[in-house]
Amino acid sequence: MKIKKFEFNMFPVNCYVLWDETNEAVVIDPGCFYEEEKQTFKNFIQTQGLTLKHLLNTHLHLDHIFGNPFIMREYNLKAEAGQQDEFWLAQAPNQSRMFGFQINEEPVPLGKYVCDGDIICFGNTQLEAIHVPGHSPGSMVYYCKEEACLFSGDVLFQGSIGRADLAGGNFDELREHICSRLFILPNDTKVYPGHGPSTSIGEEKSNNPFFR
């Protein structure tokens, strides 16, 4: 499996495109807000000859869904995410005003709910959805066992964890689920977060100050 990271600059958020030898692909958290970001994404998909099969959101906070309308319009894909986060779609205009700007496109409805244990397939690759609430009630981590990597959204970062002070957040729940759902994975599992640099499960178990 190949991985391309885009860092979009409204908040800056990490967006990932995953694909394999079949050229079937998924996009995770398309945070593209500006037109030039959308064009960069579109050019990459076209240049690589990829066919997008899934639009996955780790959660539905504003910065992770900016590009959902664009992806739906351009590639005829509907977003897939945890149902428990669906209330955030209606909150997006208010949330944007809280940060001092207006969204340029209304959020689009989810096309499919992702549940804990679901397997998302593209080409010859499988991702397992792991429910890790606490940052948001519906936060999903997407884990590829064969490639020993996961996409953690805003659950787990290098040296940190997600904030828990927004609606539906719970600090104790977040720490508990990271320990019980993610820290049981092999230490060499690569962690690709929603913001900032990548890390590993072993690195965070040993050095993350929230687990000392």
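This is a predicted model: local features need pLDDT of at least 70, side-chain atom pairs count only at pLDDT 80 or more; totals for chains, interfaces and linings use all residues.
Trainee: Why are Phe6 and Phe44 called an aromatic pair, and what makes the pair edge-to-face?

Mentor: The ring centres of Phe6 and Phe44 are 5.4 Å apart, and the cut-off for a pair is 6.5 Å, so the two rings pair. Their planes stand at 85°; an angle over 60 degrees counts as edge-to-face, which is why the pair has that label.

Trainee: Which parts of the chain does this pair tie together?

Mentor: Phe6 belongs to strand 1 (residues 2-8) and Phe44 to helix 1 (residues 35-48), so the contact ties together parts 38 residues apart in sequence. Both residues are buried.

Trainee: Which residues form the aromatic cluster that includes Phe6?

Mentor: The cluster consists of Phe6, Phe8, Trp19, Phe41, Phe44, Phe70 and Tyr75. The structure holds 19 aromatic pairs.

Trainee: How do you know that the charged end of Lys4 sits over the ring of Phe6?

Mentor: The charged end of Lys4 is 5.3 Å from the centre of the Phe6 ring. The distance limit is 6 Å, and the charge must also lie within 35 degrees of the ring normal.

Trainee: Why is Asp29 called buried?

Mentor: Asp29 has 2% relative accessibility, and buried means under 20%, so the label applies. Asp29 is placed in the loop between strand 3 (24-28) and helix 1.

Trainee: What makes the phi of Asp29 worth a remark?

Mentor: Most residues other than glycine have a negative phi. Asp29 is a residue other than glycine, yet its phi is positive, near 60°.

Trainee: Where is Ala148, and is it buried, partly exposed or exposed?

Mentor: Ala148 lies in the loop between strand 9 (140-144) and strand 10 (149-153). Its relative accessibility is 25%; buried needs under 20% and exposed needs over 50%, so Ala148 counts as partly exposed. Ala148 also has a positive phi, near 50°.

Trainee: How do you know that strand 7 and strand 8 pair?

Mentor: A pair needs at least two bridges, and 4 bridges join strand 7 (residues 119-122) to strand 8 (residues 125-131), so they pair. The two strands run antiparallel, and Phe122 has Thr125 as its bridge partner in strand 8. Their hairpin has 2 residues between the strands, and Gly123 takes a positive phi near 55° there.

Trainee: Which residues of strand 7 are on the covered face, and which on the uncovered one?

Mentor: Ile120 and Phe122 make up the covered face, while Ile119 and Cys121 make up the uncovered one. Side chains in a regular strand alternate between the two faces of the sheet.

Technical notes. Residues are numbered from 1 along each chain as its sequence is written. Side-chain values use heavy atoms; hydrogens and water are left out. Rings of Phe, Tyr and Trp (its six-membered ring) pair if their centres lie within 6.5 Å; planes under 30 degrees apart count as stacked, over 60 as edge-to-face and the rest as tilted. Buried means under 20% relative accessible area, exposed over 50%, partly exposed in between (1.4 Å probe, protein chains only).
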